[in-house]
Amino acid sequence: MSRFRMTPSLLILVFLAAAAGAADPSYRVARTISAGGEGGWDYLTVDAPARRLYVSRGTRVLVLNADSGAPEGEIPNTEGVHGIALAPDLGRGFTSDGRANTVTIFDLKTLARLGTVKVPGENPDAILYDPLSHHVFTFNGRTANVTAIEGATGAVAGTFAVGGKPEFAVTDLAGRVYVNIEDKNEIVAFDSRTLKVEAHWTLAGCESPTGLAIDVKAQRLFAGCGNQVLVVLSTGDGRAVAKLPIGKGTDAVVFDPDANLVFSSNGDGTLTVIHEDSPDAFRVVQNLATKEGARTMALDPKTHAIFLPTARFGPPPPATPANPRPRRPIVAGTFEILVAAPAAR
């Protein structure tokens with residue numbers, strides 16, 4: 001019988017592999033915030049220094065304590081609200097009110113309403129504040145364009161076409177904004193100051209991109225796609241770097257720069273966690289079970305927690321010629337926010 005002997009070099013490789021596996025992050029659903037109430041939801045935003053969590057709820061924005069989940073206020077009359085953008089340097093917040101085609105401006109400290117801006121586009125969906133240009137951008141899904149608003153005054157600075165339905169967007173903090181174009185399977189890059197479109201990049205192998213995140217330091221974009229893949233590309237030239245599997249029904253992607261982690265929240269009830277080993281190397285390290293419908297999220301950069309809203313759903317109503325694929329209704333009073341946090345080691 002032959003005996004297997006490990007050489008010193010093989011022992012080192014085994015040790016390094018074990019150490020790498022031991023270092024892989026692990027998330028768990030640590031708690032649940034029961035928020036109740038009527039209506040649907042869309043994006044969330046965390047104000048980490050103020051310890052506030054902003055949650056869109058159809059006609060209003062809930063403001064919760066990010067640590068306890070206790071209510072801290074509400075921003076009412078935001079008809080069809082999709083997203084919330086924060087401008088701490090201006091002391092202002094902004095909501096995209098999709099059904100009203102407006103932006104609501106509010107005070108970050110008091111939550112008092114400061115004004116309303118009429119958007120020259122239809123269905124402002126995602127909303128983004130760029131601190132370099134001090135512009136607030138709304139991404140108008142029905143009219144395939146983007147509106148820039150002066151954050152300090154609320155004046156409309158301009159509206160420009162992007163060639164398709166814009167979804168989520170991110171800024172590189174250096175003068176460039178990137179936005180997913182959902183119906184064209186591409187990313188558009190534009191200058192946040194001049195409002196000039198600079199590039200259209202095809203997302204090869206990606207169908208219906210929704211969520212988008214950025215690693216500013218490594219100059220990488222992360223696009224979540226409806227065909228269960230996440231595409232990584234360069235912010236400089238749109239070069240494809242990697243493609244990774246994710247869950248079904250994604251609607252949000254976030255990046256945690258301190259942990260080098262990319263997260264994709266998926267409507268099938270999973271949270272895909274991807275580790276950035278280097279700017280050109282990525283690994284799926286976990287698929288955390290969450291709950292059905294938890295497809296949007298927000299990252300708390302202070303605690304590294306992930307907030308994932310969802311609710312219980314009833315059976316779908318009968319199909320009709322006008323609505324052949326009806327949505328399942330939300331069970332009243334079941335809205336909740338899952339809090340996924342790093343597991344203790």
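**Stop 1**

Welcome! Start by selecting T102, which stands opposite K118 in strand β9. Strands here are DSSP runs of E with at least two residues, numbered from the N terminus. Before moving on, note that this is a predicted model, in which local features need pLDDT of at least 70 and side-chain atom pairs count only at pLDDT 80 or more, while totals for chains, interfaces and linings use all residues. Residues are numbered from 1 along each chain as its sequence is written, and side-chain values use heavy atoms, with hydrogens and water left out.

Now show β8 together with β9 (residues 113-118): five bridges pair them in the antiparallel sense. Two strands count as paired if DSSP finds at least two bridges between them. The hairpin that β8 and β9 make has five residues between the strands, and there L111 takes a positive phi near 70°.

Why is strand β8 (residues 102-107) described as largely enclosed by the rest of the structure? The reason is that five of its six residues are buried, where buried means under 20% relative accessible area, with exposed over 50% and partly exposed in between (1.4 Å probe, protein chains only).

**Stop 2: an open sheet**

Select β2 to β5. They make an open sheet of four strands in the order β2-β3-β4-β5, with antiparallel pairing. Its edge strands, β2 (44-47) and β5 (71-75), each pair on one side only. From one strand to the next, the twist averages 20° (axes are lines fitted to C-alpha atoms, for helices over the stretch in contact, and angles run from 0 to 180 degrees between N-to-C directions).

Zoom in on β3 (residues 52-56) and β4 (residues 61-65), antiparallel strands joined by five bridges. Here V55 stands opposite L62 in β4.

**Stop 3: the largest nonpolar core**

Which residues have the most contacts inside the largest nonpolar core? Select L53, V55, F307 and I337 to see them; the core has 17 residues. Such a core is a set of buried Ala, Val, Leu, Ile, Met, Phe, Trp, Tyr and Cys residues joined through side-chain atoms within 4.5 Å. β2, β3, β4 and β28 (336-342) are the elements that give two or more residues to this core. Keep L53 selected: leaving aside neighbours within four places in sequence, its contacts (heavy atoms within 4.5 Å) include L44, V46, L62, F307 and I337.

**Stop 4: aromatic rings**

The structure holds ten aromatic pairs. Rings of Phe, Tyr and Trp (its six-membered ring) pair if their centres lie within 6.5 Å; planes under 30 degrees apart are stacked, over 60 edge-to-face and the rest tilted.

Select F160 and F190, an edge-to-face pair at 4.9 Å centre to centre with 70° between the planes. This pair links distant parts of the chain, 30 residues apart: F160 lies in strand β13 (residues 156-161) and F190 in strand β16 (residues 186-191). F160 counts as buried at 11% relative accessibility, and F190 does at 0%.

Finish with W41, F313 and F335, which form one aromatic cluster.
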